[in-house]
Amino acid sequence: MLLFGSISPISQDCDNTLSGTVIDLHDSSLLSGALLIVAGTEQAVQTDVDGKFTLTGLCDGTYSIQVSHPYCTTQGYTVKVSGNTSKTFRLEHHLEELNEVTIKGKAYQNEAKTIAKTKISTSELEDFSNGSLGDALNSLSGVSSLNTGSTVVKPMVNGLHSSRVVIINNGVRMEDQEWGAEHAPNIDVNSIANLTLIKGAGALQYSGDAIGGVIVADALKVPVKDSLYGKTLMNLASNGRVLR
């Protein structure tokens, strides 16, 4: 009887609760989904949609509590519990946010001027509307053609062709003329606004293996406007007065 009487006065009351909220350190906004773990025990709780939590069954004493959140650095706190205790935890909520990066570009801009650059304008391309890309490039100085039949025309720049001459069509490198003499560039002349031949060091901007040069085909840039755009071309051809 004396033993049980001595144990009863020194027994601790472990019905205390620790409640409170987890908020942002900067703007005091409530953080839902934060996880609180009591070190040395199996007790853990997660904040609700209002950022509130409640830990029950705690004794009087000092506890180490770990607070974590998906977008915050995990923090450790020391909390003294005496009866029902309320506590507010503040977390750094913006550590994983990157600084704003603004990228600006212009669809219409002046290109760098190079000495070895030759351009065929839209009006000049219309003269080759019934021909091929190789026929149009033949009008430039230093450009000849490698013909296979009457329609397969490969451009030759300073005696080089195929993989030595890179063709960029509307920002995309074309590979269809590199397979053999019978493969010509698969580009419709009527879909091009202007055609540019770049030779020398200026070709390095587009490709490192363009020894002969780079042919840049730019498509017509239509303004963003509620209207209709287009053009009509008419071609006439003769069979050489051959009667069939």
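Ser28 sits in the loop between strand S1 and strand S2 (35-38), where strands (E, at least two residues) and helices (H or I, at least four) are DSSP runs numbered from the N terminus. Its phi is near 60 degrees, a positive value in a residue other than glycine. For background, most residues other than glycine have a negative phi. Ser28 is partly exposed, with a relative accessible area of 39%; buried means under 20%, exposed over 50% and partly exposed in between, with a 1.4 Å probe and protein chains only.

A word on the model before we go on. This is a predicted model in which local features need pLDDT of at least 70 and side-chain atom pairs count only at pLDDT 80 or more, while totals for chains, interfaces and linings use all residues. Residues are numbered from 1 along each chain as its sequence is written, and side-chain values use heavy atoms, leaving out hydrogens and water.

Is Asp15 buried or exposed? Asp15 is exposed, and its relative accessible area is 63%. Along the chain, Asp15 and Gly57 are 42 residues apart, yet their C-alpha atoms are separated by 4.7 Å. Leaving aside residues up to four places away in sequence, Asp15 touches Leu58 and Asn84; contact here means heavy atoms within 4.5 Å.

Now for the rings. A pair of aromatic rings is described by the distance of the centres and the angle of the planes. Rings of Phe, Tyr and Trp (its six-membered ring) pair if their centres lie within 6.5 Å; planes under 30 degrees apart count as stacked, over 60 as edge-to-face and the rest as tilted. By this rule there are 2 aromatic pairs, shown here:

| Pair | Centre to centre | Angle between planes | Kind |
|---|---|---|---|
| Phe53 and Phe89 | 5.7 Å | 35 degrees | tilted |
| Tyr77 and Phe89 | 4.9 Å | 55 degrees | tilted |

Phe53 belongs to strand S4 (residues 52-58) and Phe89 to strand S7 (residues 85-91), so this pair links distant parts of the chain, 36 residues apart. Tyr77 lies in strand S6 (residues 75-81), so its pair with Phe89 ties together parts that are 12 residues apart in sequence. Ring pairs join Phe53, Tyr77 and Phe89 into a cluster. Phe53 and Phe89 are both buried, and Phe89 has a relative accessible area of 0%. Tyr77 is partly exposed, at 21%.

Phe89 turns up again in the largest nonpolar core, which has 19 residues. A nonpolar core is a set of buried Ala, Val, Leu, Ile, Met, Phe, Trp, Tyr and Cys residues joined through side-chain atoms within 4.5 Å. Val22, Leu36, Ile65 and Phe89 have the most contacts inside it. The elements giving two or more residues to this core are S1, S2, S4, strand S5 (61-68), S6 and S7. A second, separate core has 18 residues, including Leu140, Val143, Ile192 and Ile215.

Finally, look at the open sheet: 5 strands in the order S8-S13-S14-S11-S12, with mixed pairing. Two strands pair if DSSP finds at least two bridges between them. Strand S8 (117-120) and strand S12 (172-174) are the edge strands, each pairing on one side only. Inside the sheet, strand S13 (residues 192-198) and strand S14 (residues 213-219) pair in the antiparallel sense over 6 bridges. The bridge partner of Ile198 in S14 is Val214.
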